[in-house]
Amino acid sequence: MSALILSSKKFILSIQRRIRETYFQGDSILITEPLSDENRSELTPQFGVIIELDHYFSHPATELLQRLTDNGVLPAIETVIAFSEGDILRAAHIREILDIPGQRFDQAILFRDKILMKQHAARYGVVTAMPQVANWQSLPYPVVIKPKSGRGSQKTLKVTSCEHWAEIGTDIDPTDMIIEPFIEGEVFHVDGLVVNGKMSVCSPAKYVGNCMDFVGGQSLGSYTLSESNPLYRPLTEFSRYLLEHVFPTPEHSLFHIECFVGNDQHITLCEIACRLGGNDLVTEVELAYGVNVVEAYLHAEFNAEALCPQTRTPGQLGGRFQLPPQTGRLSCSGHSPFRHEGIVRFQSRAVSGQRYNAMTMSNDALIHVIVKADSEARMEQIFRDIAQWAASEFTWSAETEEVTSCMQS
């Protein structure tokens with residue numbers, strides 16, 4: 001099977017080499033962002049053709065098809081696989097033009113256009129944060145505004161009043177804006193895999209903080225729920241209903257669902273996507289369930305069967321903690337690195353003396369930590385310990401400091 005893979009550079013390189021070598025065996029075609037010589041050398045053995053594009057997400061499907069024609073590989077394509085949120089609609093359009101089996105545009109748009117998404121869910125009785133009419137004087141403040149086809153919490157803002165709106169302004173295109181009521185409650189996400197139309201892996205997880213506040217400068221944590229958590233089964237069944245009965249989910253599909261849970265324990269849908277969430281979510285799920293869902297997804301696409309036929313339950317908890325940069329110059333104390341037996345991976349791009357800008361998207365953290373724990377209480381304590389360490393380690397100012405690496409092991 002000759003597969004066309006659409007993927008950002010970051011995601012395709014994040015797939016373990018053994019997985020790429022198993023499923024991309026030299027006849028697959030990759031369209032991605034510009035690569036370094038080292039990256040290109042790493043990917044060339046798995047892909048017969050690699051097309052690199054500047055401003056990767058700005059090219060329409062018709063232009064991608066022309067690139068494939070120019071490379072003489074268009075007739076060989078039998079399947080199209082998209083990993084990034086910005087590729088879902090382009091992949092669907094390519095399938096329609098080439099009459100290749102898989103998700104069509106009218107199906108894919110329900111996972112991308114947040115207004116159509118919520119209207120569709122409501123028709124099936126799903127409680128969701130329904131879009132509001134843009135009458136600024138009479139809106140039920142607070143509200144959340146964001147692009148209806150946005151990603152990574154980019155340009156997502158909480159507006160507390162009409163006066164607040166006038167103060168902050170926004171560069172969101174009014175024709176692409178969605179206005180939602182601000183939902184009080186905790187935020188959860190559910191990630192996993194559908195194989196042959198049925199939910200195969202399901203990982204309910206809790207945010208500590210939320211993505212909007214993360215982009216606004218606050219830390220963000222996330223961890224998988226224990227099976228004993230009273231919300232574990234309700235979130236699992238809520239997700240199953242969405243994927244198997246409400247939305248036109250592809251036959252084989254990764255998924256990412258975000259929702260709110262209020263004090264009354266009622267679940268409100270925020271959004272659903274037919275791709276996996278970012279920021280190392282694949283590792284968070286693997287730590288808890290013992291399965292790499294990207295590998296399991298590719299196995300389903302190429303073999304039409306589940307890699308893990310038995311339903312998995314969490315053996316431990318997997319989590320992620322991220323600290324955003326601030327606007328200013330960073331000074332690191334250099335006292336001691338953060339260490340803990342639960343740390344699986346600690347990544348830092350902190351450099352003392354370097355100037356940083358505040359985040360614009362939720363995939364631009366200063367510190368990114370992968371954690372495992374045996375209980376939810378233990379996981380949250382590790383998050384607090386990291387935050388306290390960072391508060392003592394990092395100082396932000398407008399002063400120039402000597403540039404020194406703050407990388408932690």
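**Helices, sheets and a loop residue**

Colleague: Which residue follows α7, and what is its phi?
Modeller: In this predicted model, α7 is followed by G125. The phi of G125 is positive, near 80°.

Colleague: Which residue caps the N-terminal end of α7?
Modeller: The cap is made by a side-chain oxygen that lies 3.0 Å from the backbone nitrogen of I115. That oxygen belongs to D113.

Colleague: Within what arc do the buried residues of α7 fall, seen down its axis?
Modeller: The helix covers residues 114–123, and its buried residues are K114, M117, K118, H120 and A121. Viewed down the axis of α7, these residues line one face of the helix, because they fall within an arc of 160°. An α-helix has 3.6 residues a turn, so residues three or four places apart point the same way. For α7 the arc asked for is 160°.

Colleague: Which elements are included in what covers the buried residues of α7?
Modeller: The cover draws on strands and a helix, among them β5 (143–147) and β7 (177–181). It also includes α10 (232–246) and β12 (267–273).

Colleague: Which are the edge strands of the open sheet of 4 strands?
Modeller: The strand order is β3-β2-β1-β4, with parallel pairing. An edge strand pairs on one side only, and that picks out β3 (47–52) and β4 (79–82).

Colleague: By how many degrees are neighbouring strands of this sheet turned against each other on average?
Modeller: The sheet is the open one with the order β3-β2-β1-β4. With direction ignored, its neighbouring strands are turned against each other by an average of 20°.

Colleague: Which residue of β2 is the bridge partner of L6?
Modeller: Strand β1 (residues 3–6) pairs with β2 (residues 28–32) in the parallel sense, over 3 bridges. Within β2, the partner of L6 is I31.

Colleague: What angle does the direction of α12 make with that of β4?
Modeller: Helix α5 (residues 88–98) lies across β1 and β4, and runs at about 175° to β4. Helix α12 (residues 293–303) also packs on the sheet and touches β1 and β4. The angle between the directions of α12 and β4 is about 170°.

Colleague: How many of the residues of β13 are buried?
Modeller: From strand β13, L317, G319, F321 and L323 point one way, while G318, R320 and Q322 point the other way. Residues on both sides are buried. Strand β13 (residues 317–323) is therefore largely enclosed by the rest of the structure, its buried count being 7 of the 7.

Colleague: Which residue in β18 stands opposite G319?
Modeller: Two strands run antiparallel to β13: β10 (residues 220–224) is joined to it by 4 bridges, and β18 (residues 367–373) by 7 bridges. On the β18 side, G319 faces V371.

Colleague: Is Q310 buried or exposed?
Modeller: Q310 sits in the loop between α12 and β13. Its C-alpha atom is separated by 7.9 Å from that of S200, 110 residues away along the chain. The relative accessible area of Q310 is 60%, over the 50% cut-off, so Q310 is exposed.

Colleague: In which strand is confidence lowest?
Modeller: The mean pLDDT of the protein chain is 87, and 87% of its residues reach 70 or more. Confidence is highest in α10, at 98. Where pLDDT is low, the predicted coordinates should not be read in detail. The lowest mean, 52, belongs to strand β20 (residues 404–405).

Methods: Residues numbered from 1 in each chain as written. Heavy atoms only, no water. Pairing = 2+ DSSP bridges. Axes fitted to C-alpha atoms, helices over the stretch in contact; angles between N-to-C directions. Contact = heavy atoms within 4.5 Å. Buried < 20%, exposed > 50% of the residue type's maximum accessible area, 1.4 Å probe, protein only. Arc of directions from axis to C-beta. Polar contact = N/O pair within 3.5 Å; in protein donor to acceptor, adjacent residues only side chain to side chain. pLDDT = per-residue confidence, 0-100.
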